[in-house]
Amino acid sequence: MTLRSAPLLPASATGSPGRRRWLGMVVISLGVSLIIVDATIVNVMLPRVVGELRLTTTGAEWITSIYSLVFAALLIPFGRAGDAYGRRRMLVLGTVVFVAASLLAARSGSGAELVASRLVQGVGASMILPAALSTVTAVFTGRDRAVAFGIWGSLIGGMAALGPLLGGWLATSYGWRWAFGVNVPLGAAIVAGTLLLVPETRDPAVRRVGDWPGTVLSTAGLAGVVFALIEGQRYGWWSATRPFSAGPVHWPGGGISPIPVALAGGVLALVALVAVERARAAAGRPVVLDLSLFRIPDFRRGNAAASLISVGELGLMFVLPLFLQDVHGNSPLQVSVAILPLAVGTFVAGGLSARLSRRLGAARMLQAGMALEVAAAALIGLTTRADTTGFQLAPWMLVYGIGLGLTTGQLTRIVLRDVPSASAGLASGTQSTARQVGSALGIALIGAVFAVGLSHAMTARLRDAGLPAGQGAAYAERLRDSAGTFARDLRHEDPRLSRAADESLAVATDRAAFATAGLLAVGLLLTLRLRRGADPDREESPA
């Protein structure tokens, strides 16, 4: 995803602020909005999906994490493919793949089908984002580029705020399938607009030979780690608690669990990735991971902070909708309204961060934003009880959103400010990958904390209520495996069971929020070592 570009159209088409060029900019921004909004909509309607398809907690985690996992693994390879073969072509192909996967998701009859559809959506998203970014970089220069990315940020920020509301309204009024189905007409309009208004660009300096060994190793490594974190509670962290089957792979129950094997395999694949990428770089061959960039302190620390920010954001957004719908029976639209302050805070703070950073510096703005995120997550953990409503969580969501807006607005500047211009494209792709890796790991980590907390809290409360240990453990397991939706079924049974389930959901949400605050605090500590000097006086990469 390099920034050195050669537009295949007359200079007049790119050098003058023509109407066609700016309309193309709007189309590109809407295409990126489509893939960003889809990640947030799923969290809002997840409890409805869990209930209708009878999913387990691990199934719910896979629906959300598989998208980010595939997105992260293929982002850089498809970025380089777009540079070599044509960015508009890649943008159109990615939109078609994304829309086709959305249609499959809307027609899914089981959790496995929906997870597979989300996987294909991740493939389409990894085609769209780098192609869109590089197209804007190629077509716009100087002051026009700054205006273009202002439009980019405004449209994406607005859709990030309105998207969950639209998805919540569709899921509440017509069913969750329509939240995927609406992508079909939107995608068709984006494809038509791209073909009519967006010029084809490519970089002739990029070779058409990619780093497929690196792509395979990075995908396998991340998949192994995420699989272990998500499925550990279900299949046993060390000893197998049940048989495992996936296609031709069959793992018997009893003996060692597949979880430590998958985790070890994932770690070994990542270690092999480092060795392979180092050897390819020394030989002058294309790489998906330029290890030399991590010698730059701000690049290394900034990417670590970016991953932890995504861990917190996606992990928290996985847990809160489950709590609000399972305890209070809120509809997807009501949950959307409850988390709207986060989107509003992000949008407002993102617009102010650029001006404030000129006075305080990008590093201080990033630290202030992460401090607000830590405080908001901790306050959610301190104040959430069984009777806590979305309205009562709104102030903390607003604070979290403001912090997120401040951090997001500065991370790219910090990560790329010391990167040589020739490596800016690969560096920006690495940063985007770090965010998506954080998203996948966030859902896995925070989801695991939520599931374990749910089981332990329910077991303890039923024991205190006088239920036999075996019966209490069975109820706790059903509550954990259903991602908390079993709490609604218990309302028709013994009131003690219902009260215990609601209290257990609150405890699990608290623990997930505290885990989020802890991870974000680690990210904040990393940012304390960032250079606080002024950014270099140069035209910034818009990555």
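User: Start with the second largest cavity. Which helix gives the most to its lining?
Analyst: Helix 2 gives the most to that lining, with 4 residues. Helices here are DSSP runs of H or I with at least four residues, numbered from the N terminus. This is a predicted model, in which local features need pLDDT of at least 70 and side-chain atom pairs count only at pLDDT 80 or more, while totals for chains, interfaces and linings use all residues. Residues are numbered from 1 along each chain as its sequence is written, and side-chain values use heavy atoms, with hydrogens and water left out.

User: What lines that second largest cavity, and how much space lies in it?
Analyst: The second largest cavity holds about 50 Å³ of space. Its lining consists of Arg21, Gly24, Met25, Ile28, Thr135, Val136, Val139, Phe140, Leu197, Val198 and Pro199. At least two lining residues come from each of helix 2 and helix 5 (111–139).

User: What counts as a cavity, and as a lining residue?
Analyst: On a 1 Å grid over the protein atoms alone, a cavity is a set of points where a 1.4 Å probe fits but cannot get out, and lining residues have an atom within 4 Å of a point. Grid points are joined across faces, edges and corners, and the volume is the space filled by probe spheres set on the points.

User: How does the lining of the second largest cavity divide by class?
Analyst: That lining has 8 nonpolar, 2 polar and 1 charged. Nonpolar covers Ala, Val, Leu, Ile, Met, Phe, Trp, Tyr, Cys and Pro, charged covers Asp, Glu, Lys and Arg, and the others, Gly among them, are polar.

User: How many cavities in the whole structure?
Analyst: The search finds 2 cavities of 30 Å³ or more. The largest cavity has about 80 Å³ of space.

User: And what lines the largest cavity?
Analyst: Thr56, Thr57, Thr58, Glu61, Leu229, Ile230, Gln233, Arg234, Ala448, Ala451, Arg480 and Asp481 line the largest cavity. Two or more of the lining residues come from each of helix 3 (57–85), helix 9 (212–235), helix 15 and helix 16 (469–481). Helix 9 gives the most, with 4 residues. By class, the lining of the largest cavity has 4 nonpolar, 4 polar and 4 charged residues.

User: Switching to charges. How many salt bridges does the count come to?
Analyst: The count comes to 3 salt bridges, with the rule being a side-chain nitrogen of Lys or Arg within 4 Å of a carboxyl oxygen of Asp or Glu. One of them joins the side chains of Glu52 and Arg177, at 3.1 Å from N to O. That pair links distant parts of the chain, with Glu52 in helix 2 (residues 19–53) and Arg177 in helix 7 (residues 177–181), 125 residues apart.

User: Where do the other salt bridges sit?
Analyst: Arg385 pairs with Asp510, where the closest N and O atoms are 3.5 Å apart. Arg385 is in the loop between helix 13 (362–383) and helix 14 (390–416), and Asp510 is in helix 18 (residues 495–527), 125 residues apart. Arg461 pairs with Glu503, with the closest N and O atoms 3.2 Å apart. Arg461 lies in helix 15 (residues 424–464) and Glu503 in helix 18, so this pair ties together parts 42 residues apart in sequence.

User: Now rings. How many aromatic pairs are there?
Analyst: The whole structure has 5 aromatic pairs. Rings of Phe, Tyr and Trp (its six-membered ring) pair if their centres lie within 6.5 Å, and planes under 30 degrees apart count as stacked, over 60 as edge-to-face and the rest as tilted. Among them is the tilted pair Trp62 and Phe227, 6.4 Å centre to centre with 35 degrees between the planes. Trp62 lies in helix 3 and Phe227 in helix 9, so the pair ties together parts 165 residues apart in sequence. Trp62 and Phe227 are both buried.

User: What does Arg118 lie over?
Analyst: Arg118 lies over the face of Tyr67, at 4.5 Å from the ring centre. The rule asks for NZ of Lys or CZ of Arg within 6 Å of the ring centre and within 35 degrees of the ring normal.

Conventions:
On a 1 Å grid over the protein atoms alone, a cavity is a set of points where a 1.4 Å probe fits but cannot get out, and a pocket is an open set with protein on both sides within 12 Å along at least five of seven lines; lining residues have an atom within 4 Å of a point. Buried means under 20% relative accessible area, exposed over 50%, partly exposed in between (1.4 Å probe, protein chains only).
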